[in-house]
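Trainee: I have a model open and want to learn how to read it. Can you take me through it feature by feature?

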Amino acid sequence: MHKAYVRLERIAGNVVAVRAGDATYRELAQVSWPGGSSLAQVVRLEGDRAYLQVFAGARGLPTDARVRFLGRPMRVSASDAILGRVFDGAGRARDRGPAIDDEVIDIAGPSVNPAKRVIPRTMVRTGIPMIDVFNTLVESQKLPIFSVPGEPYLELLARLALQAEVDRIVLGGMGLKHDDYLYFRDTLEAAGALARTVAFIHTAADPTVECLLVPDLALAVAERFALRGHRVLVLLSDMTNFADALKEVAITMEQIPSNRGYPGDLYSQLAARYEKAVDFDDAGSITILAVTTMPGDDVTHPVPDNTGYITEGQLYLRGGRIEPFGSLSRLKQLVNGATRDDHRPLMNAMIGLYAGYRETLEKRAMGFRMSDWDERLLRYGVGFEERLMSLAVDLPLERALDVGWRLLAESFEPAETGLATALIERHWPGVPA
Amino acid sequence: MPNVGRIVAVSGPLITASFNEPVVQNEVGYALLDGLRLKAELIRVRGDYADLQVFEDTIGLYVGGQVEFTGEMLSAELGPGLLGRVVDGLQNPLFELAAASGHFLPRGRYLDPLDRERRWPFTPSVTVGDAVLAGDALGTVPEGQFLHRVMVPFDLEGWWTVRAIAAAGDHTVADVIATIDDDRGHTREVRMLQRWPVKRPLRAYRERLRPEEPLVTKIRIVDTLFPVARGGTFCVPGPFGAGKTVLQQLMSRHAEVDVVVIAACGERAGEVVETLREFPELIDPRTGRSLMERTVIVCNTSSMPVAAREASVYTAVTIAEYYRQMGLDVLLLADSTSRWAQALREVSGRLEEIPGEEAFPAYLESVIAAFYERGGLVSLRDGSTGSVTIGGTVSPAGGNLEEPVTQATLKVVGAFHGLSRERSDARRYPAIDPLESWSHYLGVVSRSDVAFVRALLRAGHEVEEMMKVVGEEGTALDDFVRYLQAEYVDAAYLQQDAFDDVDAATGAERQSAVFGELVRLLRTPLRLDDKDGARRLFARMTQATKEWNRCPWGEASFDAARERLRALVAEVSPDA
Ligand SMILES: Nc1ncnc2c1ncn2[C@@H]1O[C@H](COP(=O)(O)OP(=O)(O)OP(=O)(O)O)[C@@H](O)[C@H]1O
Ligand SMILES: [Mg+2]
């Protein structure tokens with residue numbers, strides 16, 4: 001049995017120090033005191049002193065708290081029994097269900113050997129045209145959703161959780177408002193989608209340290225599911241809260257900040273999580289979509305900036321829509337050649353014309369006279385926004401492509417689209433084949 | 001009796017150990033844990049304590065745990081069989097590791113980088129009694145398309161005499177193939193396999209030469225405007241998504257060199273997977289053999305331990321220097337040097353060193369300079385030359401080139417290929433900024449033509465800026481044409497379609513011919529009545545040139561496409 005210690009030598013921020021010669025690096029300890037108890041993790045060893053990060057925070061912690069080392073790192077159950085359940089950032093049940101302790105695995109395990117990865121070839125269908133048609137999501141892809149507070153990014157995540165054609169959804173909430181958590185839970189429940197979902201939710205009211213554990217819990221479970229052959233989609237929100245928790249902890253550990261207070265290892269910390277996205281050569285896959293709110297709507301802020309250097313493209317959610325410019329799925333060309341013959345050319349033609357619409361909007365705002373061509377661009381642009389771009393639209397890829405052709409036909413002559421004649425003959429509405 | 005110390009502190013990848021026997025800066029130590037041996041490097045000594053960076057996850061280490069010091073510096077294994085390998089930063093072969101350990105990278109598991117069983121047909125090139133120096137060939141074995149030189153160990157000093165040499169026949173890398181001695185009574189058995197400390201430059205050559213000859217990358221904007229030299233250095237800074245990795249991937253495929261060493265340093269595993277799955281299937285047009293046969297991949301992707309990331313670039317450059325030593329031209333591509341610098345920063349922070357700008361250590365500049373200095377063109381003792389050309393990407397925070405890693409790199413490289421967000425957003429690939437980039441090296445086309453086009457690009461840019469203020473109507477026709485000409489050069493020559501088989505790679509001769517032709521056409525006086533006419537002409541010329549770019553060099557279609565382009569210009573030339 002592990003020894004207990006009863007004298008804290010130092011309390012600063014969420015970190016306490018205790019004289020404990022037999023502690024091992026990163027193991028867990030149970031800290032208990034008359035007013036409560038919390039898990040804690042060894043974050044540094046120095047002589048016979050062990051520094052522990054207390055998950056529940058050190059508020060109200062007496063110096064004679066009892067510290068019992070558990071001889072193991074943080075673990076989580078990855079059994080199928082966790083489906084439909086909601087846990088918090090310390091892995092405790094957040095719903096009223098029982099604790100689950102079978103098939104427990106260590107979190108934050110080692111990296112996948114690149115030799116066991118394959119080049120991804122499978123599209124993840126979401127029913128959201130701005131993704132399926134224009135920024136096709138690929139199994140094993142990691143994509144952030146860059147946005148700002150106030151945008152409907154949680155609605156977008158909820159729709160992805162309901163509609164994405166995958167086997168399992170793992171949801172990680174960091175610093176969520178409690179209402180948002182309830183919205184999520186109720187939406188999934190109402191749609192009957194809870195059964196394929198497991199959620200790890202840290203709310204803004206919970207201790208900061210628990211926020212840090214959410215991605216590791218979610219991804220450890222996802223990894224185990226993927227090894228069992230499942231196609232797993234991990235939805236995370238908000239990674240900026242995660243980064244801010246890192247910052248807070250680093251500062252209390254007196255680490256020297258590198259950029260706007262963030263620790264020098266922000267890139268490595270984020271990458272360690274995002275790189276869990278994988279397509280195994282002989283098992284399933286993990287795909288990650290992670291909301292990252294941009295402080296001050298500034299993409300050069302350290303959190304979105306480091307994220308962009310890690311992920312495989314990005315989606316911008318602005319004005320309630322996935323913005324066609326700036327958004328990019330870097331992996332889309334791996335899959336969008338094999339969907340339908342018109343997919344790539346139609347995508348390019350539509351975006352080109354939409355860029356024309358945006359220019360026309362500017363010209364109109366500056367008071368220029370609108371030509372017939374301008375009027376048609378305007379009609380097209382408005383139609384595009386309403387019938388494809390709106391987050392309310394839910395269409396399978398093929399139907400979305402058909403809508404695209406109709407939008408073109410309603411405003412343009414075939415030749416004005418720049419599309420190849422052969423394609424026009426096959427797909428132009430109303431033109432006999 | 002191994003020299004054993006005791007752990008007194010653990011913090012992230014850093015451990016501190018007490019020791020009694022002498023230790024060596026940068027020697028390798030192993031932290032022992034439940035039968036595992038975790039590799040580490042000694043990076044600082046203070047009093048009776050040594051700080052070591054551990055190349056593995058340190059979870060589970062404890063105060064009082066043992067550290068075994070080896071007395072040997074962190075070294076790479078060198079010998080035949082390196083080509084085609086995929087290894088991690090410590091030279092663990094990843095496919096073999098996957099076969100042995102499954103999906104994940106287990107810690108403390110180190111496999112031999114070189115196959116100990118494989119037999120190589122050895123041909124001696126010296127005889128008993130010959131006098132040799134470090135780096136001299138004792139014989140050769142065929143490796144892929146090359147004759148791999150088996151060399152006198154690089155750490156030897158002075159003259160040595162061959163006392164025994166293996167006859168022609170098959171040997172493993174561990175067999176003794178020669179015995180040599182010197183006049184101070186030392187004897188040394190030589191094997192094909194030798195080790196070299198990765199942080200020490202390999203200097204067994206006669207002298208360093210000035211890099212002058214262009215290294216053809218087949219990227220037009222590089223070879224024509226911002227060339228790279230054999231044995232030179234260059235850097236590619238750019239914001240995320242601007243195309244750094246794609247550019248390096250193109251160079252690793254098409255560059256005219258013998259060996260390519262790819263150091264995937266702290267970036268995405270998925271990108272390495274693309275290379276390691278595709279290269280075995282791709283044929284190198286120069287040799288007719290698989291591209292993998294000339295490639296070595298050293299990969300320490302972003303989620304692998306950070307200390308090993310720091311080691312990986314040194315492992316890669318050591319392998320590059322080793323093949324240079326055989327008279328070969330080697331290209332080392334490192335993506336991204338910023339991640340390597342960040343690894344230095346993370347460890348420096350744990351050491352509580354006084355930080356410099358953006359918390360990077362004060363020695364950042366000298367470390368970067370020393371790394372690029374390992375590139376170079378050298379002459380060897382047998383009269384041949386070899387080269388290591390180093391190209392590193394830089395990932396500046398916020399895309400801002402004023403940051404320390406970019407600045408330190410710009411001071412030491414010979415060419416700068418700056419990628420711009422504006423160009424990549426406009427899908428003008430490769431997004432190398434033609435106005436900001438520079439090179440100190442000589443290119444593959446006529447220098448006066450280059451000067452002409454540089455001036456044209458600048459002038460076109462000025463007109464473009466002016467038009468933003470005065471509009472197209474306020475711009476004179478001549479100025480407007482200059483703007484269109486600059487746009488034409490950009491679209492039809494500087495931009496290159498990475499996904500078109502022909503356009504993706506343009507050889508030197510073709511660049512010279514096409515560039516010369518474009519300059520001739522641009523110098524032709526034109527009879528243009530108005531801006532719309534000018535716009536139409538250049539749109540047609542752009543279209544025609546792009547089609548020309550897709551015609552294979554030396555085929556009839558190539559000449560036909562050139563004639564179509566000429567005809568377009570002839571229509572509006574006054575002497576038509
Ligand atoms: N030469 C090119 N031709 C066509 N597309 C390109 C080219 N270069 C880049 N791209 C597009 O840009 C995307 C990003 O390129 P790349 O991965 O090279 O960026 P990067 O600069 O390495 O970014 P990061 O810093 O995030 O690693 C590619 O996935 C591709 O869609
Ligand atoms: Mg890259």
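This is a predicted model: local features need pLDDT of at least 70, side-chain atom pairs count only at pLDDT 80 or more; totals for chains, interfaces and linings use all residues.

Mentor: We will go from whole chains down to single residues.

Trainee: How many helices and strands does chain B have?

Mentor: Chain B has 14 helices and 30 strands. Chain A has 11 helices and 21 strands.

Trainee: What are the spans of the two chains along their principal axes?

Mentor: The C-alpha trace of chain B spans about 90 × 55 × 45 Å. For chain A the spans are about 85 × 50 × 40 Å.

Trainee: What does the radius of gyration say about chain B?

Mentor: Set the value against the one for a compact globule. For 576 residues that would be near 25 Å, and chain B has 27 Å, which agrees.

Trainee: How far apart are the mean positions of the positive and negative charges in chain B?

Mentor: They are 1 Å apart, for 63 positive and 83 negative charges. Chain A has 49 positive and 57 negative side chains, and the centres of those sets lie 3 Å apart.

Trainee: How many disulfides does the structure have?

Mentor: A disulfide is a covalent bond between the sulfur atoms of two cysteines. A search over all chains finds zero here.

Trainee: Now a helix. Which residues of α4 in chain B are buried?

Mentor: Helix α4 of chain B covers residues 269–278, and its buried residues are A269(B), E271(B), V272(B), V273(B), T275(B) and L276(B).

Trainee: What do the buried residues of α4(B) pack against?

Mentor: Their partners in chain B include helices α1 (94–101) and α3 (244–254). Strands β22 (259–265), β25 (295–300) and β26 (329–335) are also among them.

Trainee: Let me try a single residue. Where is H343(A)?

Mentor: H343(A) is in helix α8 of chain A, residues 343–365. Its relative accessible area is 0%, so H343(A) is buried. Leaving out residues up to four places away in sequence, H343(A) touches D132(A), V133(A), T136(A), N336(A), L397(A) and L401(A).

Trainee: Is N113(A) buried or exposed?

Mentor: Buried, at 0% relative accessibility. N113(A) lies in the loop between β10 (104–106) and α1 (129–132) of chain A. Beyond its neighbours within four places in sequence, N113(A) is in contact with residues of chain B, including L94(B), L97(B), H103(B) and F104(B). N113(A) and F280(A) are 167 residues apart in sequence, yet 9.8 Å apart in space, C-alpha to C-alpha.

Trainee: What should I look for in the backbone?

Mentor: Most residues other than glycine have a negative phi, and most peptide bonds are trans. Look for departures from that.

Trainee: Which residues does a cis peptide bond join?

Mentor: In chain A, one joins S237(A) and D238(A), with omega about 5°. D238(A) is in the loop between β14 (231–237) and α5 (239–252). In chain B, a cis bond joins D335(B) and S336(B), with omega about 5°. S336(B) sits in the loop between β26 and α6 (337–350).

Trainee: What is phi in A108(A) and N26(B)?

Mentor: A108(A) has a positive phi of about 55°. A108(A) lies in the loop between β10 and α1 of chain A, and is partly exposed at 31%. Phi of N26(B) is near 70°. N26(B) lies in the loop between β2 (14–18) and β3 (27–33) of chain B, and counts as partly exposed at 22%.

How values were computed:
Residues are numbered from 1 along each chain as its sequence is written. Chains are lettered from A and ligands numbered from 1 in the order in which they are written. Side-chain values use heavy atoms; hydrogens and water are left out. Helices (H or I, at least four residues) and strands (E, at least two) are DSSP runs, numbered from the N terminus. The radius of gyration is taken over C-alpha atoms; the globule rule is 2.2 Å times the number of residues to the power 0.38. Lys and Arg count as positive and Asp and Glu as negative; His and the chain ends are not counted. The place of a charge is taken as NZ of Lys, CZ of Arg, CG of Asp or CD of Glu. A disulfide is a pair of cysteine sulfur atoms within 2.5 Å. Buried means under 20% relative accessible area, exposed over 50%, partly exposed in between (1.4 Å probe, protein chains only). Contact means heavy atoms within 4.5 Å.
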